[in-house]
Amino acid sequence: MNTQGEILWVDDEIESLRSQIMFLQQKGYVVTALTNGYDALELLKEKLVDVVLLDESMPGLTGLETLGKIKEFLPALPVVMITKNEAEDIMEDALGSKITDYLIKPVNPNQVLLSLKKILDGKRLVSEKTTQAYQQDFRNLFMALSSNPNHEEWKDLYKKLVYWEMEMDKSNNDEMAEVLQSQKTEANVEFFKYITKNYAQWIKDQGKSGPLLSHQVFGKKVAPVLEAGKPTFLVVIDNLRLDHWKAFLPIISESFRVVEEDLFYSILPTATQYCRNAIFAGMLPIDIEKHFPVEWKNDDEEGGKNLSEYTFLKNQLKHLGLDKLKTQYIKITNNDDAKSLEDNIHNCLSNDLTVIVYNFVDMLSHARTEMEVLKELAGDERSYRSLTESWFEHSPLHRALKKVSEKGIKIMLTTDHGSVRVRTPSKCLGDRATTANLRYKHGRNLQFETKDVLAFRDPKQIGLPSPNVSSTFIFAKTDVFLCYPNNYNYFVNYYKNTFQHGGISLEEMIVPIIRLESK
């Protein structure tokens with residue numbers, strides 16, 4: 001017979017609890033009853049149980065002492081403390097010793113049953129509830145996908161998909177997670193069609209008809225909150241996706257209040273030297289090249305592609321009439337830089353605007369293709385999200401922001417682009433000058449599978465410079481990655497299931513911008 005669970009109930013007045021024990025047995029639980037902590041410890045060394053119900057005030061070995069000894073050798077075993085005493089210090093001792101729940105005597109059978117259900121059935125109940133709610137919303141999402149959504153509706157659709165993705169993380173329902181993944185894939189197919197149809201027009205209109213784009217973010221979102229004498233931090237975490245932000249939210253909410261949460265569309269290609277330079281310059285790449293011919297570097301040119309961000313930012317501040325603000329730019333590319341930020345963050349409080357560009361997530365994303373350990377740690381969306389969340393929680397960046405969280409500061413947290421897990425290889429051939437990126441390429445005489453990419457033979461149409469007269473830009477759709485025919489199988493196996501950016505997907509293009517304030 002299947003049981004609901006094995007329970008050990010320890011109470012020196014166990015005889016008075018016989019009716020409650022019988023009630024639990026009728027509900028399918030196997031209950032072992034003991035009268036003291038010594039016997040309980042002996043039994044637990046011999047037998048596995050699911051939950052211990054433990055009386056707090058027993059003669060000899062008290063409940064708290066028994067609890068301490070249980071946790072020494074069974075730290076993960078759920079223990080419910082049952083006490084007559086509501087004294088605060090006893091509760092604090094019990095909670096500090098990591099009890100799972102506590103009940104105040106006299107307890108009725110339903111209280112005990114509810115506590116056991118919460119402990120033993122919690123995950124199953126969450127999973128069932130999540131599955132049921134997603135099934136109800138599935139049709140709504142399907143209808144929304146079929147109704148030709150506009151750029152704002154696409155943002156809402158993506159938010160919903162991320163919400164359900166994170167709910168599925170909690171429920172451990174692999175079957176429903178697969179259904180959701182299929183729906184997300186379908187959404188990306190439709191999103192690619194939407195971008196194909198509208199993107200060039202957005203660039204032509206300079207934002208009049210389309211969504212907020214990378215080059216408009218600073219002017220529209222950051223500049224309006226800047227004030228002389230009031231410190232504002234603009235934190236740009238490279239490669240940060242919406243689901244990563246949602247994973248950070250509970251951590252950062254301990255120190256800051258979320259004032260505004262919005263999304264904007266990253267420009268194409270969704271790659272750092274295009275998107276981040278556009279944010280800081282307040283211009284499309286074609287205009288940056290025109291105004292800063294020395295500083296702008298195309299993919300095929302020598303030299304760092306993001307070395308002039310502060311130059312671009314100072315020019316934009318001047319254009320916006322904000323050049324009198326005291327501004328500092330800090331770029332974090334390694335752990336020494338990060339430690340220096342943590343140690344010196346208080347010095348930034350004298351600035352009106354401190355810009356922090358943090359490259360960790362990008363380094364993690366790229367390193368994942370290089371390091372077998374990271375391939376194991378970030379093998380899918382869920383583990384990638386978990387790894388990124390764990391990094392942020394323990395990062396010098398988080399510690400630095402916590403240090404100044406009580407100083408009345410404002411934070412604008414954003415990114416340049418996201419990333420997508422690539423799974424579908426597509427052959428692409430070009431000359432020696434063709435760019436190496438897996439999600440976009442430009443060059444002369446490109447040969448590619450038309451169905452797998454969005455191609456622009458005139459880069460000016462989408463606000464991009466032409467490295468040479470006959471340059472074509474191509475952007476991979478959904479989860480496609482572009483492979484050369486030479487050594488094709490090796491290339492495919494090496495990069496399949498890695499996280500890349502540069503192309504067209506919800507994950508790469510629709511990215512967060514958040515306004516936070518000290519609590």
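The following conversation concerns a predicted model and the reasons behind some of the terms applied to it.

Colleague: What makes β2 and β5 the edges of the sheet?

Modeller: Five strands form an open sheet in the order β2-β1-β3-β4-β5, with parallel pairing. Strands β2 (29-34) and β5 (101-104) each have a single partner strand, so one side of each is left without a neighbour in the sheet. From one strand to the next, the twist averages 20 degrees.

Colleague: How do you know that β4 and β5 are paired?

Modeller: Pairing requires at least two bridges between two strands. Strand β4 (residues 79-83) and β5 have four bridges, in the parallel sense, and therefore they count as paired. Within this pair, methionine 81 has tyrosine 102 of β5 as its bridge partner.

Colleague: Why are the buried residues of helix α3 said to lie on the same side?

Modeller: The buried residues of α3 (residues 63-73) are Gly63, Thr66, Leu67, Ile70 and Lys71. They cover an arc of only 135 degrees around the axis, which puts them on the same side of α3.

Colleague: Why is the contact between aspartate 243 and arginine 385 called a salt bridge?

Modeller: The cut-off is 4 Å between a side-chain nitrogen of Lys or Arg and a carboxyl oxygen of Asp or Glu. For aspartate 243 and arginine 385 the closest N and O atoms are 2.8 Å apart, so the pair qualifies as a salt bridge. Aspartate 243 belongs to helix α10 (residues 242-252) and arginine 385 to helix α17 (residues 381-393), so this pair, 142 residues apart, links distant parts of the chain.

Colleague: Are these two residues, aspartate 243 and arginine 385, buried or exposed?

Modeller: Buried means under 20% relative accessible area. Aspartate 243 is at 2% and therefore counts as buried. Arginine 385, at 3%, is buried as well.

Colleague: What makes glutamate 260 and arginine 515 a salt bridge?

Modeller: Their N to O distance is 3.9 Å, and the limit is 4 Å, so the pair is counted. Glutamate 260 is at 29% relative accessibility and counts as partly exposed, because that class lies between 20% and 50%.

Colleague: Why do glutamate 342 and lysine 339 fall into separate accessibility classes?

Modeller: Glutamate 342, at 9%, counts as buried, whereas lysine 339, at 34%, counts as partly exposed. The two residues lie in helix α14 (residues 335-344), three residues apart, about one turn of the helix.

Colleague: How many salt bridges does a search of the whole structure find?

Modeller: The search finds 39 salt bridges.

Definitions and conventions. Residues numbered from 1 in each chain as written. Predicted model: local features only at pLDDT ≥ 70, side-chain atom pairs only at ≥ 80, totals over all residues. Heavy atoms only, no water. Axes fitted to C-alpha atoms, helices over the stretch in contact; angles between N-to-C directions. Buried < 20%, exposed > 50% of the residue type's maximum accessible area, 1.4 Å probe, protein only. Arc of directions from axis to C-beta.
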